[in-house]
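This briefing looks at charged side chains, their pairings and one backbone feature. Please read the points below alongside the sequence and the coordinates.

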Amino acid sequence: MKRSENGMADENEEKYESNAARRLKALGGDEKTEPEEPVKVDKLANFWHYNKAKILIGGAFFIILAISLVQLINRQNPDVSILYAGPDYITPNASREFCSTVGLLTGDMNGDGREYVRLEDLVYMSDGQIEEYIEAAKAENVDAAVDTLKNKEVADRFVFEVFGGDAMLLILAEDQYEMVKEGGGFERLDSLYETIPDGAIDDYGIRFNETQFCRFFDSAKVFPEDAVIALRTIPTASALTGKKRYEKLHAIAEEAFRKIVDFKFPEGYEEKLEE
């Protein structure tokens, strides 16, 4: 510190140093403070903090896409598709057993090395079936309820499947069968056979439970007693949606129809009739 000739510190300089010291103390340092080290930033953690939502959404999308692709690659094309519609519910186990039985009969029809039959079941009731259901419930003194909205949704889907879906082989309760027949949706039996098979109820359908196939295999006894088996015509709209594809589906369905309808009891088999 500089002093004046009389040995006293310069008043201004002392005041300046005091002010500077106070400022350093307030900042927690002194005149010889070391320079602070730069703050280290974890770039990865910082990136995750600001982008984790996008990363999570993108990851979820990728997983869903991967699963969908695997399912698409592994998806089996059925050898034959069968459409059922009626008031009776068919359990998943019963459906699988029926399809396995039909698959043993039809074999690999599309050449992919597998036997796979698909049953599309649409459970709903016509107006007449609803009336019968309610009357039967009253006779047994039990409550009866019908989800009319759900019933209509399935009925609408049935119309779409019949006139625009892939299934050409149909097993339908009689009311549903009559609806399709009125719309001209079935092949005539005399266009398929020189001699009309036993069990025919008209020019188009055969009572399913009268076929030897149904009478022989217990797994086939899953449909309503009045169910009818029939072959659907190629839809007119196929001219716009792929006629060759529908012609192939129709040819396969016709072969499956014949194998079911023409099935005969094994030699020596004696049918056990219910008393």
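Arg157 is partly exposed, with a relative accessible area of 38%, and in this predicted model its side chain meets that of Glu120 in a salt bridge with an N to O distance of 2.2 Å. Because Glu120 lies in strand 2 (residues 117-123) and Arg157 in helix 5, the pair ties together parts that are 37 residues apart in sequence.

**Salt bridges**

- The structure holds twelve salt bridges, and the partner of Arg157 named above, Glu120, is partly exposed, with a relative accessible area of 24%.
- Within helix 5, Asp156 and Lys152 are four residues apart and therefore separated by about one helical turn, and their side chains meet in a salt bridge with an N to O distance of 2.9 Å.
- Asp156 is partly exposed, its relative accessible area being 43%.
- Lys181 forms a salt bridge with Asp202, in which the closest N and O atoms are 3.0 Å apart.
- This pair links distant parts of the chain, since Lys181 sits in helix 6 (residues 174-182) while Asp202 sits in the loop between helix 6 and strand 4 (206-207), 21 residues apart.
- Lys181 is partly exposed, with a relative accessible area of 25%.

**Negative surface patch**

- Asp127, Glu131, Glu132, Glu135 and Asp175 form a negative surface patch, to which helix 4 gives the most, with four residues.
- Glu131, one of the residues of this patch, has its place in helix 4 and counts as exposed at 55% relative accessibility, because the cut-off for exposed is over 50%.

**Backbone at Asn141**

- Asn141 has a phi near 60°, which is a positive value in a residue other than glycine.
- For context, most residues other than glycine have a negative phi.
- Where in the chain does Asn141 lie? Asn141 is found in the loop between helix 4 (127-139) and helix 5 (148-164).
- Asn141 is exposed, with a relative accessible area of 72%.

Conventions
Residues are numbered from 1 along each chain as its sequence is written. This is a predicted model: local features need pLDDT of at least 70, side-chain atom pairs count only at pLDDT 80 or more; totals for chains, interfaces and linings use all residues. Side-chain values use heavy atoms; hydrogens and water are left out. Helices (H or I, at least four residues) and strands (E, at least two) are DSSP runs, numbered from the N terminus. Buried means under 20% relative accessible area, exposed over 50%, partly exposed in between (1.4 Å probe, protein chains only). A salt bridge is a side-chain nitrogen of Lys or Arg within 4 Å of a carboxyl oxygen of Asp or Glu. Patches are made of residues with over 30% relative accessible area and no salt bridge: like charges are joined within 9 Å, nonpolar side chains (Val, Leu, Ile, Met, Phe, Trp, Tyr) within 5 Å. Accessible areas come from the Shrake-Rupley method with a 1.4 Å probe; for residues, only the protein chains shown count as cover. Lys and Arg count as positive and Asp and Glu as negative; His and the chain ends are not counted. The place of a charge is taken as NZ of Lys, CZ of Arg, CG of Asp or CD of Glu.
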